[in-house]
Amino acid sequence: MKKKTKGQLIVLSGPSGVGKSTVISELLSERKDIYFSVSFTTRSPRVGEEDGVNYNFVSRERFEAMIANNELLEYAQYVGNYYGTSLKLIQDHLEAGTDVLLDIEVQGAAKVRAKCPDAVFIFIVPPSFEELSRRLHARNTDGEEVIRGRLQKAREEYREIPNYDYLVVNDKVSEAAAEIIAILTAEGCRTKNRMNLIEGV
Ligand code: 5GP
């Protein structure tokens with residue numbers, strides 16, 4: 001089969017505590033050909049996070065210079081910090097035919113939707129709001145006030161769900177990852193993504 005010409009841009013969003021990173025790890029272990037876009041952020045690394053792996057951790061000055069130089073496909077402020085996606089890194093991979101995965105919040109996703117209408121947009125939710133609250137408490141990293149803030153933020157983010165193409169429920173991680181793989185398989189079979197297969201007929 002001929003290799004497709006351009007990679008698929010995949011945008012994944014979901015509330016804090018939904019288990020997005022775990023689903024992404026599972027997905028990437030199954031689909032090793034996907035390039036995960038490591039974002040730039042001004043927030044400090046959490047315990048266990050590595051520079052260049054989880055994020056590229058940069059100063060506010062560096063981030064603002066990247067904005068000024070149009071180096072970012074999108075960026076947003078989230079809970080007092082900047083988060084953004086390098087335009088060049090993802091462009092290079094897409095041009096080379098590699099699928100690229102972005103884990104970004106809803107404001108950034110809206111910017112990508114305006115610039116890249118061919119991207120596929122997936123929103124991940126927990127089985128229920130009670131379950132989200134339970135997971136946030138179980139992480140044991142935040143106080144009651146912060147958890148309340150995250151749940152409020154999640155309610156706001158839910159209003160954006162109708163703008164996404166697919167909704168995945170993360171009840172069991174393996175099933176959520178399997179659904180995302182199914183979505184990507186179906187996207188790859190779209191006629192517009194397969195016209196190269198019938199060239200010359
Ligand atoms: P956290 O601080 O918990 O790692 O991430 C906070 C939020 O920022 C998450 O919803 C995550 O998806 C989002 N995020 C991470 N990287 C980016 C990015 O490059 N751009 C945007 N817009 N959001 C991002």
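**Close-ups of a predicted model**

Residues are numbered from 1 along each chain as its sequence is written, and side-chain values use heavy atoms, leaving out hydrogens and water.

View 1. Val79 sits in the loop between β5 and β6 (81-86); helices (H or I, at least four residues) and strands (E, at least two) are DSSP runs, numbered from the N terminus. Its phi is near 45 degrees, a positive value in a residue other than glycine. Asn70 has a positive phi too, near 55 degrees, and belongs to the loop between α2 (60-68) and β5 (72-78). Asn70 counts as exposed because its relative accessibility is 62%.

**View 2. Arg43 and its neighbours.** Look for Arg43 in the loop between β3 (40-41) and β4 (56-57). Arg43 counts as buried because its relative accessibility is 10%. Leaving aside residues up to four places away in sequence, Arg43 touches Glu49, Tyr55, Phe57, Asn81 and Tyr83 (contact means heavy atoms within 4.5 Å). Its side chain makes a polar contact with that of Glu49 at 2.8 Å and another with that of Tyr83 at 3.4 Å. A polar contact here is a pair of N or O atoms within 3.5 Å; within protein, one must be able to donate a hydrogen and the other to accept it, and residues adjacent in sequence count only if both atoms are side-chain atoms.

**View 3. Around the ligand.** Of the 15 residues around the ligand (a heavy atom within 4 Å), Ser39, Tyr55, Tyr83, Asp103 and Glu105 come nearest. An N or O atom in the Arg43 side chain is 2.7 Å from a ligand oxygen. Polar side-chain atoms of Tyr55 and Tyr83 also lie by ligand oxygen atoms, at 2.6 Å for Tyr55 and 2.5 Å for Tyr83.

**View 4. Helix α5 against helix α6.** Helices α5 (residues 129-139) and α6 (residues 144-158) pack at about 145 degrees, their axes 10 Å apart. Axes are lines fitted to C-alpha atoms, for helices over the stretch in contact, and angles run from 0 to 180 degrees between N-to-C directions. Among the contact residues are Phe129, Leu132 and Leu136 of α5 and Ile147, Leu151 and Ala154 of α6.

Terms used
Predicted model: local features only at pLDDT ≥ 70, side-chain atom pairs only at ≥ 80, totals over all residues. Buried < 20%, exposed > 50% of the residue type's maximum accessible area, 1.4 Å probe, protein only.
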